[in-house]
Amino acid sequence: WLSPYTIKLTTGENPILTTSMLATLLSITEIGEAAGSIPSAIFSDRFGRKKSLLLAGPLIIFSFLISLLTKNIIALLVMRILQGYVAATVEVVAPVYLAEISGAKIRGTVCGYYSVFWNLGIVVVFFVSEYLSFDMYTLSLTVVPILFCGTFIFMPESPYYCLMKGETDGARSSLQWLRHGEDIEKEYLEIEEAVREDMKYAGSWIDLIATKEDRRALWIVLIGCMARYLIGISTFIAYAEDIFAKAGQNNLFTPNHLATFYALLFTVSSAVASFFSDTVGRRKLLIYSLIGTVISNVIIAVYFCLLELTSLQITSHIWIMYLGSTVCCIFTNTGIGQLVPTIKAEFLPSHTRNRGSALTNAIASLAIFVQLFLFPMIAAYIGMYFNFITFAAAIKLVTAPPLLLHLPNKRCYLCVMTASFSFNWLSPYTIKLTSGESPVLTPTILATLISVIEIGEAVTCIPVAIFSDRFGRKISLLWIGPLTASLWILSLFTKNTVVLYIIRLLQGVVMAAIETVVPVYLAEISGAERRGALGGYYSVFWNLGVLGVYINSEYLSFDMYTLVSIVVPILFFTTFIFMPESPYFYLMTNQLDDAKLSLQWLRHGEDIKEEYEQIEEAVREDMKNAGSWKDLVATKKDRRSLLIVLVVCLSRYLIGTAVFVIFAEDIFAKAGQHMFTANQQAIGLALLFTISSAVASFFSDTVGRRKLLIYSLIGTAISNIIIIVYFCILELTSLQVTPYVWVMYIGIVGFCIFTSIGLGQLMPTIKAEFFPSHTRSKGGAITNLACSLAVFVQISMFPVISMYVGMYFNFVIFSIVAVIGCIFVIIFLPESAGKTLHEV
């Protein structure tokens, strides 16, 4: 109601309201909603869904009439609280009513219309406010609740509610009316059975957490509701005019015009998306929606960051902000915006549906109140950019716990992030630590510190593999958390070079465990259909670690940056401790009952008989040959497997992946400075790596490993050649090539994308697939040993080659490796996608 007037009411010679008072009026409705959520649920269960909703019409009309009679601030606050109660009734009861009157095949679409009509209301609000005075605008808004009461009164009560009250005739006639005279007997019996089953447990609010299933359902709905609002959807609408005014004036459109346009975009995108929730599926749409929303919020944050924190004339590039806003509108409404009402109604049983909806709505309302209230203050005292950073961070913080707790494989990937943090710990400081009047380190010592981690990794690969085969995959990974946290705490107390060398060597032990054991563990707990995707997430979380390293280093001191890094290994340890051991390891050590329990847990209670028998047969066959390290080269098949994995792993690193990340700042600084600092460009590089690897992980099981590797190596070779041409002209000629630095950026973008679609994300999968059970850890250790030594040499030589030959020559080496790797893959690598480990 007040959103179109955020500027008009707080500006001018005689502003009607102060900014803080307007923020209170905008946000206080959430207090009314939080307070009204539980009473509206009780009323709905006592008197029915229809009566609860019908009451909303007169209440909203009454609240608008109050505002026409007085502009007293107390009266307005009371009115906003009353509107909050109406919002509570709609948020709690409407999704329940819609779900209970809809058929299973169209429930997602029908509930999706909730979001469509909500957004239509936003369009009307901004459109009408453009042409009418405030009082006429308010009076015109009373038309909708009057129209609602005049039509909804003829709707029937929910058949579920009728059955809950024992009104079987009412339930039958309600369902008959809703299905337009179709045969309802089968559906009626199903609903009757469902309600009878649910009502066995009818009781108090404790029923929401009575069983594990109840707690899980409440948790999922709560996270869904929190994520929906904390991504900034309410704030974006409430303060749309302020946001667009702050972004820079557009000659064609006023902030109100832009707000109207985006409200219309919200409506159209939610209308289109409502048709897909029953076909694409809720889960996929939610994942795509949240990822897209994070990216779009980051884009908007970058624009405001440059606008507010630098002297750049960024308003000429305002299209960046419009792009982020457009993407945000689309992705918000394709999933999280339109699916939350559906999930709220679907995941809670009949007897707790209203209670669960009320509780989650009350908590979400309090969160929105805080967000709406703080938004203008953050914008005034810190910067508009920080609001969008918090929206992006909120998505990660709110959705991380359920991902970690309910998607078990994700817990394992936290140790990959831990290793990424360890490996890239010093990378953002390659320039800061070696330049200035009093450099902390010489370039040689820094290069040694960065590369010596590979010596620690090479030395401990084989001991880690032996430990993993002796004591299990889980224990081999679990100790990584405490060790990594201890090393970073130690680095906070001393900067002695010898101690730093020891820390880096021990971080190499962590790397050895990750590179050797994680691919094996992931392959052994994954089904054949998803093994490629789950192996691909290894690369995604590694790149997320790189991104985290560069972002943290941009805003924090070195010690604070190191301290923040401790969070990831602690989070890994506290979540991974609940994961089971690999069923393959249990079978290798004849713990048959434990193997069954492990597989049952990993498959979420599905029928595991056939899969268990296949794994048991595979392990029995493999263990016949169990013996020494000679088994790696005992037969032609074994030697072929070892050669394939060695070449693929060496290609992955020697094409320049590790060097690109570690020396990113040096590469960008050498290429020539432009709009962004070297560190900011490195952040962009890490973000591109992360996004491309995340997208690529969905294709490895459909396109196939072999094709992706070939495309990846060809694309990487071409990308490196583009970079070679740029640096060759820069270093070997007198031509002013820096105005054409975009040529190098094309090469780097191509490198990031092509590396991630194949080599980056498939190496862990290939490493785990091509060795049998009895040599899987040993083979992983040998290839990791060879790669560690190769990467150590490469990292050590990169700054030396750059200094004495030229930056271009490093990329010549990378291109040669890519070409050789591509030829090898074409000749020797068979396809393994969709096959069980035994078949491979």
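## A nonpolar patch on the surface

In this predicted model, a nonpolar patch on the surface is formed by Val-793, Met-797, Val-800, Met-803, Tyr-804, Val-805, Phe-809 and Ile-813, which together have about 750 Å² of accessible area. Two helices, H36 (776–804) and H37 (807–828), each supply at least two residues of this patch, and the largest share, 5 residues, comes from H36.

Tyr-804, one of the patch residues, lies in helix H36. Tyr-804 counts as exposed because its relative accessibility is 67%, and the cut-off for that class is over 50%.

Two or more lining residues come from each of helices H20 (453–471), H23 (497–525), H24 (531–555), H30 (636–654), H31 (657–662), H35 (742–769) and H36. By residue class, the lining of the largest cavity divides into 10 nonpolar, 9 polar and 4 charged residues.

## Two exposed loop residues

Lys-630 is found in the loop between helix H29 (609–623) and helix H30, and with a relative accessibility of 66% it counts as exposed. Although Lys-630 and Thr-775 are 145 residues apart along the chain, their C-alpha atoms are separated by 9.6 Å.

Asn-590 lies in another stretch of chain, the loop between helix H27 (583–588) and helix H28 (592–602). Most residues other than glycine have a negative phi; Asn-590, which is not a glycine, has a positive phi of about 60 degrees. The relative accessible area of Asn-590 is 65%, and the residue is therefore classed as exposed.

## Salt bridges

Side chains of opposite charge can pair when their charged atoms come close, and the structure holds 10 salt bridges. In one of them, the side chains of Glu-187 and Arg-179 meet with an N to O distance of 2.8 Å. The two partners fall into separate accessibility classes, because Glu-187 is partly exposed at 23% relative accessibility, while Arg-179, with a relative accessible area of 11%, is buried, the cut-off for burial being under 20%.

A salt bridge also joins Arg-196 and Glu-192, whose closest N and O atoms are 3.9 Å apart. Both residues lie in helix H9 (residues 185–199), where they are 4 residues apart, or about one turn of the helix. Arg-196 is partly exposed, with a relative accessible area of 44%, and Glu-192 is likewise partly exposed, with a value of 21%.

Elsewhere, salt bridges that share partners join Asp-45, Arg-49 and Glu-100 into one network.

Methods. Residues are numbered from 1 along each chain as its sequence is written. This is a predicted model: local features need pLDDT of at least 70, side-chain atom pairs count only at pLDDT 80 or more; totals for chains, interfaces and linings use all residues. Side-chain values use heavy atoms; hydrogens and water are left out. Patches are made of residues with over 30% relative accessible area and no salt bridge: like charges are joined within 9 Å, nonpolar side chains (Val, Leu, Ile, Met, Phe, Trp, Tyr) within 5 Å. Accessible areas come from the Shrake-Rupley method with a 1.4 Å probe; for residues, only the protein chains shown count as cover. A salt bridge is a side-chain nitrogen of Lys or Arg within 4 Å of a carboxyl oxygen of Asp or Glu. Buried means under 20% relative accessible area, exposed over 50%, partly exposed in between (1.4 Å probe, protein chains only). Ala, Val, Leu, Ile, Met, Phe, Trp, Tyr, Cys and Pro count as nonpolar, Asp, Glu, Lys and Arg as charged, and the others, Gly among them, as polar.
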